[in-house]
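Let's take a look at how this one is put together. Here is the structure, followed by some notes.

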Amino acid sequence: MTMASEATVDRAAVVDHVIGAVIAVLNRDDVEVTEGTRLMDELGLDSTNVLELLMHLEDQLDAVIDSDTLEQHHFATVGTLADYVLEQGLA
Amino acid sequence: MTTVREPFVRRLRTALLGTDRTALLFLGNFEVEQRWGGDELGLPKVALSAGDALVNRMDEFTLLLAGPDDYVLLKDAPDPGHLAYLESLGVGLPHLLITDQQDPHHTVTQDALLSPGLLARLTALTGSVAIFPHGVSADEEQLAERTGLTLAGSPAATCKAVNGKIYSRKIATELGLRQSTGWTCESIAELDAAVEQARGLLEAGRTVVLKDSYGVSGKGLLVVRDVARLEQIHRKLRRRADRSGDQRLALLVEEWVAKTTDLNYQFTVGRDGSVQFDFVKEAVTENGVHKGHRMPAGLDQRQLATVTETAGALGRRLAADGYHGVVGVDAMVDPEGGIYPVVEINARNNMSTYQVGLQERYVPAGWCALARQYPLHLARPLRFAEVRDALGPWLLSAAGDAGMVVQNFSTVNALVRAGDGPADGRLYGFLIAPTTDELMAMDGEIADRLAAAAEGARP
């Protein structure tokens with residue numbers, strides 16, 4: 001297996017973790033969440049539930065997220081949050 | 001405590017300034033908690049600023065509270081169609097002042113401080129006008145200093161001190177008022193002790209909530225349903241303290257108690273320490289976030305007495321701590337009809353404050369009203385004329401009729417104007433009808449019509 005394909009596999013797994021955390025926070029099973037889903041515009045994620053989302057994500061990844069390193073753009077979509085996890089080496 | 005009825009704004013002027021002859025300059029610096037709590041250590045913060053642009057345009061709520069002799073300072077001119085509509089209802093509009101420039105992420109006060117032309121105009125009003133902000137922070141004090149205008153209200157330091165949820169909890173304890181089981185945490189050591197107590201609640205099947213002392217209502221809180229989550233947040237807070245060497249905290253740990261209804265009541269503490277009860281309303285919330293108010297609140301005599309007695313006791317206590325001004329209190333009704341009379345004290349204006357002028361002008365005796373927000377997903381800004389056409393007969397056309405007054409229109413377009421793509425806006429409406437059933441039917445019809453209008457503003 002090449003490095004590139006390993007990275008691809010990792011990313012897909014991280015996206016699944018992010019989706020799992022998002023669904024846990026929303027506590028709804030009537031929404032379809034994909035890599036391109038916009039967290040704030042489409043799902044209504046806001047400052048009231050973002051901390052809970054990060055804690056669910058920590059559970060999924062078995063890692064610790066430092067919220068000081070997160071910026072607005074990381075919360076654009078499921079995919080951008082997955083990219084943040086990969087950038088920080090959390091997966 | 002007195003309950004004499006005269007127009008709220010006149011009572012306000014007298015309470016704050018000792019005379020009703022000085023005009024007020026209304027300043028809608030919403031979410032002032034962000035300024036009060038800027039240096040406080042609460043729950044881990046995540047930088048989400050997307051909603052700021054909308055919150056900052058809530059400044060327009062002042063338009064319908066100010067009297068015709070008063071001044072209102074806004075970040076941008078209101079939609080001309082909205083102003084014309086309000087005038088057609090017979091609203092005596094206040095004098096409008098607009099900041100020289102506006103940054104969507106600034107409060108109206110922050111924009112004003114960067115507006116030399118406006119500052120000069122305000123300076124010319126010295127002696128005849130007093131600044132009346134939504135809440136007093138260091139920014140509003142600076143505006144008063146820069147213009148020479150009097151600040152109607154208490155100093156920022158006093159306002160900050162009495163607005164913390166830790167303060168609410170401490171004085172409720174001191175006054176013997178009913179509240180949920182809970183602990184104040186002003187240090188990591190106090191958090192450690194509170195976590196041990198909260199663990200017991202969770203093991204007994206209860207739910208716990210952690211609240212930032214300076215969180216905006218419904219925000220800055222974390223609901224915890226199991227011990228693992230409690231330990232996780234405990235570790236996070238301890239780790240932050242270990243890293244920074246700062247052991248301070250400004251946090252509450254409380255039991256998340258059962259409730260059937262959220263209440264919001266208001267009283268005004270005068271400069272002379274007098275306390276006037278203003279109103280009690282039923283708050284409409286979704287997922288803990290404020291969505292609107294229903295009035296009247298539908299309390300029985302015993303419940304109402306608990307609320308008004310608590311208002312008197314809290315008002316006297318706040319006056320003793322040097323506060324005068326408007327005070328809103330969040331409270332709850334439990335499933336047995338008992339009252340939790342103080343969940344948090346907000347010693348500033350509240351959303352419901354801005355509804356008083358509408359109640360006085362447009363709600364006939366015995367009728368009911370609903371103040372709420374309607375979400376609108378927009379690809380381009382919507383004009384008031386489009387909303388007026390969409391609402392048709394449901395838009396209030398005269399005092400004494402049923403219908404909706406558009407209370408804030410600038411929040412409809414705030415985000416779509418601030419960003420570079422489709423965005424969510426909010427229309428704040430004030431609905432009036434003879435009965436609750438008619439009110440609810442009107443609400444459904446208006447929601448459908450506004451959704452259709454928003455659909456028309458998409459590609």
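## Domains

Chain B splits into domain 1 (8-153), domain 2 (181-255), domain 3 (258-360) and domain 4 (363-459), with bounds from an automatic or database domain assignment. The C-alpha centres of domain 2 of chain B and domain 4 of chain B are 39 Å apart.

A note on the ground rules: this is a predicted model, where local features need pLDDT of at least 70 and side-chain atom pairs count only at pLDDT 80 or more, while totals for chains, interfaces and linings use all residues. Residues are numbered from 1 along each chain as its sequence is written, and chains are lettered from A and ligands numbered from 1 in the order in which they are written.

## Two helices

Helix 4 (residues 80-88) of chain B packs against helix 14 (residues 384-391) of chain B at about 50 degrees, with axes 7 Å apart. Helices here are DSSP runs (H or I, at least four residues), and strands likewise (E, at least two), numbered from the N terminus. Axes are lines fitted to C-alpha atoms, for helices over the stretch in contact, and angles run from 0 to 180 degrees between N-to-C directions.

B:Gly81, B:His82 and B:Tyr85 in helix 4 of chain B meet B:Phe384, B:Ala385 and B:Arg388 in helix 14 of chain B; contact means C-beta atoms, placed from the backbone, within 7 Å.

B:Leu25 is in contact with B:Tyr71, B:Leu73, B:Val129, B:Ala130, B:Ile131, B:Phe132 and B:Leu149, leaving aside neighbours within four places in sequence.

## Interface

Between the chains, 17 residues of chain B are in contact with 15 residues of chain A.

Notes:
Two residues are in contact if their C-beta atoms, placed from the backbone, lie within 7 Å.
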